[in-house]
Amino acid sequence: MSVKPTADGYPHLRPELTRLRNGRIAQAARQHRFDPAVAVPFICECSEERCDELVRLSLVEYTRLRRDCDFLVAPGHEVDDATVTRVKDGVWLYRVS
Ligand SMILES: [Zn+2]
């Protein structure tokens with residue numbers, strides 16, 4: 001896993017901010033009574049500032065996976081200073097080591 005120190009010294013800044021945004025997406029989907037089995041587009045939580053990949057997960061899946069990891073990213077994307085803990089179709093799970 002390559003570690004790219006960022007200029008501001010916060011390697012998880014984008015992943016953390018994106019995780020917060022995804023939390024709001026999930027909250028909004030719940031408020032609008034989305035079918036919990038229907039896929040919702042979440043934002044990839046990798047460290048690449050220009051990444052605009054979407055990770056499609058149902059609310060049920062999102063809630064379950066969220067508990068199992070720190071970051072949810074598109075397959076093949078990387079989170080600096082974190083390790084892949086699980087590889088699934090359509091989403092990779094990372095944990096800060
Ligand atoms: Zn990404």
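Helices (H or I, at least four residues) and strands (E, at least two) are DSSP runs here, numbered from the N terminus. By that scheme, Arg 33 sits in the loop between helix H1 (13-31) and strand E1 (39-43). This is a predicted model: local features need pLDDT of at least 70, side-chain atom pairs count only at pLDDT 80 or more, and totals for chains, interfaces and linings use all residues. Residues are numbered from 1 along each chain as its sequence is written.

**Helix H1**

- H1 has 19 residues and spans 27 Å from its first C-alpha to its last, close to the 27 Å expected at 1.5 Å a residue (the expected span is 1.5 Å times one less than the number of residues).
- Arg 14, Pro 15, Thr 18 and Asn 22 are the buried residues to look at in H1; buried means 20 or more other C-beta atoms within 10 Å of a residue's own, exposed means 12 or fewer, and partly exposed is in between, with C-beta atoms placed from the backbone.
- Looking down the axis of H1, the buried residues fall within an arc of 85°, so they line one face of the helix (the arc is that of the directions from the helix axis to the C-beta atoms).
- Those buried residues pack against E1 and E3, while the face turned away from them carries the exposed Leu 20, Arg 24, Gln 27, Ala 28 and Gln 31.

**The sheet**

- Three strands make an open sheet in the order E3-E5-E4, with antiparallel pairing; two strands pair if DSSP finds at least two bridges between them.
- E3 and E4 are the edge strands, each pairing on one side only.
- Six bridges join E4 to strand E5 (residues 91-96), and Arg 86 has Leu 93 in E5 as its bridge partner.

**The core**

- The largest nonpolar core has 19 residues, and Phe 42, Val 55, Phe 71, Leu 72, Val 73 and Tyr 94 touch the most other members; a nonpolar core is a set of buried Ala, Val, Leu, Ile, Met, Phe, Trp, Tyr and Cys residues joined through C-beta atoms within 7 Å.
- E1, strand E2 (54-58), E3 and E5 each supply at least two residues of this core, and E5 gives the most, with four.

**Two positive phi values**

- Arg 33 isn't a glycine, yet its phi is positive at about 55°; Arg 33 is exposed, with 7 other C-beta atoms within 10 Å.
- Asp 81, in the loop between strand E3 (71-73) and strand E4 (82-88), also isn't a glycine and has a positive phi near 60°.
- Asp 81 counts as partly exposed, with 17 C-beta neighbours inside 10 Å.

How values were computed. Two residues are in contact if their C-beta atoms, placed from the backbone, lie within 7 Å.
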